[in-house]
Amino acid sequence: MTSAPPPSVDTPAQPVMELEKEYLLQNYARYPLVLARGKGCHLFDTEGRRYLDFITGIGVNALGHAHPRILKVLREQAGLMIHSSNLYYHQYQGPLAKRLAEMSGLQRTFFANTGTEAVEGGLKFVRAHGHAIHPEKYELISLENSFHGRTLGALSATGQPKYRKDFEPLLPGVKFVPVNDIPALEAAFSERTAGMILEMIQGEGGIVPLTQQFLARARELADRYNALLVADETQCGVGRPGTYFAYQRAQPVILPDVVVAAKPVACGIPLGFIIANEKAAAAIKPGMHGSTFGGGPLACRVALEFLDVLDELLPAIQRTGGYFHVCLNDLARKHSFVKEVRGFGLMLGVELAIPGKQLVLDAMAEGLLINCTHDTVLRFLPPYIVTEKEIDQAVKILAKLFAKVQ
Ligand SMILES: Cc1ncc(COP(=O)(O)O)c(C=O)c1O
């Protein structure tokens, strides 16, 4: 039996990619880059090249790489206890749930591992809430262009046919409404509506923010029809918009009944959560939901440390995010193929009139990692610790590449 080789920083990329091609499910269209390690806002490939990380593993590495406070807690907790299951208590779920309640304005947390799993649980809250009122009250309203994950329930709520088409029929009773279309939203609600799910800033759908008026109307209609309003903050939440959650950006804050999130919560250790108000939480009785891994001591302790750091970083996220937004707008003004710059905080997108994939590859060759969503939207999810200097470096690379497009 051969054991795995120790991590190396000078392994050539080709054999790594070839071995994967032979043995891995070919579901990912990976970029031809083999990463080895990271430090702060930078990643290094196996041949020692350095990259400015402006995608953070799709919004996960919120404190960049090898953050000293996260490393310290990880090392200590790994030596004490990594997993204990939900058969028993440990010291960190309670304090973390309390923190999340203070941050969100909601009450009761369930811990999951990933975004799709948190969404899946959120949909069970919706179904159970409706079912307790009437067996026919099971409809869900979702938005066109949305993305909620890859499991069958989350996929059923995802408003993009390309992700759904190979798996139909999916869950019945899901209605899709165009983003920010209030008349369509009004037409979709009925006594059969058990809930609505929305991303306050659509991520995978191309960095598309919802208006406060749309959220306010969704809240009113959910109340009128006794349906649960679920905010999927997997990508747009937990600090990224410069507030704890994206629904807190505008005043007065309009509270959802349920919030689901994951990605940055434990800085790369899988952890997701559902937090619900008492009304929504009442739908789930003992035995109706659970997880073996969810809320383990390692993940929860890292998350508590992350949230302490986040409190110090929130004003900086607003500042650096604002600075980045201005830089991207400056760039947009100089290039007619740039249609729009969108987003808030450190969740920004640049919509192009041309496909973005080649620009992503060219940026990679220049030492900048970003990605492209919805074919034409360059997506930027830099770490919360990013500095104006690093933003300048990224913008300089983009300016060079944009000039070549012209
Ligand atoms: C808004 C939203 N919800 C759910 C998910 C699914 O999360 P995961 O990939 O962790 O299952 C994503 C992933 O990108 C997302 O952006």
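Predicted model: local features only at pLDDT ≥ 70, side-chain atom pairs only at ≥ 80, totals over all residues.

Biologist: What makes the pair of Phe 245 and Phe 273 edge-to-face?

Modeller: The ring centres of Phe 245 and Phe 273 are 6.4 Å apart, which lies within the 6.5 Å that a pair requires. Their planes stand at 80 degrees, and since planes over 60 degrees apart count as edge-to-face, the pair of Phe 245 and Phe 273 receives that name.

Biologist: Why is this pair said to tie together parts that are apart in sequence?

Modeller: Phe 245 lies in the loop between β10 (228-232) and β11 (258-261), whereas Phe 273 belongs to strand β12 (residues 272-276), so the pair ties together parts that are 28 residues apart in sequence. Both Phe 245 and Phe 273 are buried.

Biologist: How many aromatic pairs does a search of the whole structure find?

Modeller: The search finds eight aromatic pairs. The rings of Phe 245 and Tyr 247 have centres 5.6 Å apart and planes at 10 degrees, so this pair is stacked, the cut-off for that word being under 30 degrees. Tyr 247 is buried as well, with a relative accessible area of 1%. Elsewhere, Phe 54, Phe 324 and Phe 380 form one aromatic cluster.

Biologist: What makes you say that the charged end of Arg 37 sits over the ring of Phe 44?

Modeller: The charged end of Arg 37 is 4.0 Å from the centre of the Phe 44 ring, and the distance cut-off is within 6 Å, together with a limit of within 35 degrees of the ring normal. Arg 249 likewise lies over the face of Phe 344, at 3.3 Å from the ring centre.

Biologist: Which classes of residue make up the shell around the ligand?

Modeller: The shell has one nonpolar, seven polar and three charged residues. The residues around the ligand include Phe 147, His 148, Glu 199, Asp 232 and Lys 263.

Biologist: Why is Asp 375 called exposed, and what is the phi of this residue?

Modeller: Asp 375 has a relative accessibility of 57%, and because exposed means over 50%, Asp 375 counts as exposed. Asp 375 lies in the loop between β16 (371-373) and β17 (377-380), and its phi is positive, about 70 degrees, although Asp 375 is not a glycine.

Biologist: Is Val 238 buried or exposed?

Modeller: Val 238 has a relative accessible area of 0%, so Val 238 is buried, the cut-off being under 20%. Val 238 is placed in the loop between β10 and β11, and its phi is near 55 degrees, a positive value in a residue other than glycine.

Methods. Residues numbered from 1 in each chain as written. Heavy atoms only, no water. Phe/Tyr/Trp six-rings, centres within 6.5 Å; stacked < 30°, edge-to-face > 60°. Buried < 20%, exposed > 50% of the residue type's maximum accessible area, 1.4 Å probe, protein only. Helix = DSSP H or I, 4+ residues; strand = E, 2+ residues; numbered from the N terminus. Near = heavy atom within 4 Å. Nonpolar A, V, L, I, M, F, W, Y, C, P; charged D, E, K, R; others polar.
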